[in-house]
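Biologist: Could we go through this model together? I have a few questions about the space inside.

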Amino acid sequence: MPRAFLIVLDSVGCGGAPDAADFGDEGANTLGHIAAECAAGRAEEGRSGPLALPNLDALGLGAAIRLASGAETPGLDAAPTGLWGAAEEVSPGKDTPSGHWELAGVPVPWEWHYFPDTKPAFSPDLVDAVCRAAGTEGILGNCHASGTVIVDELGAEHLRTGWPICYTSADSVFQIAAHEEHFGLERLLDLCRALAPRLHAMKVGRVIARPFVGSEAEGFSRTTNRHDYAIAPPRPTLCDWVQGAGRRVQAVGKIGDIFSMQGIDEVRKGADSALFEHLCDYAAEAVDESLTFANFVEFDSLWGHRRNVSGYARALEWFDRELPRFLDRLRPGDLAIFTADHGNDPTWHGTDHTRERVPVLGHGLGAREIGKVAFADVAASVAAHLEVPAEGPGRSFL
């Protein structure tokens, strides 16, 4: 019996969103601009030459970029052998929960709360709530910041005072960084868990625990023990549909966090290299009629937000090189869909996500152009493949 694999390459957008100007992102194109920079010889750190993604391009990646945005795609000109098209979002945000929920059939019905880009960024009553929950006299940060930068800047003071480092970004998030050993990982997780209901009531999408290790002398580094306490989806998603039909749902990466574990039976986490091994294991072992839902976050977290074109290109090329190992483990009748949740153009101004269409590529059904579709159509299509009743606005493109 067929299985389905829904794989989100976090932030791997392809431009062309019709409402990009509303978000200040008209002209943003993550894949298109990376391909152009590589072809021009401006992405040579740790790699060289045109962007080399032969396996994704064979499925239809270059064609999907051209369809979405009309951009040229140097190095990505293969005739598609898989299912291919591009999807656009209707939710009023360009963040992780919005993109993933809508891909799973549930557009976001509200406006998210965003903290002002001021210092302080948080109200006194919210700061007081953090202090009470943490048992500290104050907090550090209280501003918009890059997670890696603020830990470098405030890590030593955090060790001296024991105060948690609290910060936000252009996303609807409240993030708390703390040292795994000196502050304590479980204490950090308990703190985030305690604050989550208050922040969710404000329509803040996620409270994120950002543990780190290290010292002032040796430097600080974040660990893979991040945990997102996300507001629950407002309605049943693809995961619930599949689980409600008596099927099994496996999550790879931060999918469990994004969906607050609703409709999910098992989660495997780690760095993207470890996540790829988990994905290959599920391709070999997952039971019939199951859904495996994966997110590869490092395109976004390590390279997009840091505006590192070479790093982003290296990550894409790494995934493409590994891809045959996963595809070779799939069984006849399986469907694997590769897509994204938003853009994060590393050539763009600022450090925020970018509003873009995303590619939709499929392996297992032969060559098939699906054109421009909706995010929610992805959920409807996976449900149709698994012969599971679908809810919501999506229509199957199968």
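Biologist: How much space lies in the largest cavity?

Modeller: About 70 Å³ of space lies in the largest cavity, where a cavity is a set of points on a 1 Å grid over the protein atoms alone at which a 1.4 Å probe fits but cannot get out, and a volume is the space filled by probe spheres set on the points, joined across faces, edges and corners. This is a predicted model, in which local features need pLDDT of at least 70, side-chain atom pairs count only at pLDDT 80 or more, and totals for chains, interfaces and linings use all residues. Residues are numbered from 1 along each chain as its sequence is written, and side-chain values use heavy atoms, without hydrogens and water.

Biologist: Which residues line the largest cavity?

Modeller: Leu9, Val12, Leu56, Leu61, Leu316, Phe338, Thr339, Pro359 and Leu361 line the largest cavity, each having an atom within 4 Å of a point. The elements giving two or more residues to this lining are β12 and β13, strands being DSSP runs of E with at least two residues, numbered from the N terminus.

Biologist: And the sheet, what is the strand order?

Modeller: The open sheet of 8 strands runs β10-β9-β11-β1-β12-β13-β2-β14 with mixed pairing, and two strands pair if DSSP finds at least two bridges between them. Because β10 (266–268) and β14 (368–374) each have a single partner strand, one side of each is left without a neighbour in the sheet.

Biologist: How do β9 and β10 pair?

Modeller: Strand β9 (residues 249–252) pairs with β10 in the parallel sense over 3 bridges, and Val252 stands opposite Arg268 in β10.

Methods
Helices (H or I, at least four residues) and strands (E, at least two) are DSSP runs, numbered from the N terminus. On a 1 Å grid over the protein atoms alone, a cavity is a set of points where a 1.4 Å probe fits but cannot get out, and a pocket is an open set with protein on both sides within 12 Å along at least five of seven lines; lining residues have an atom within 4 Å of a point.
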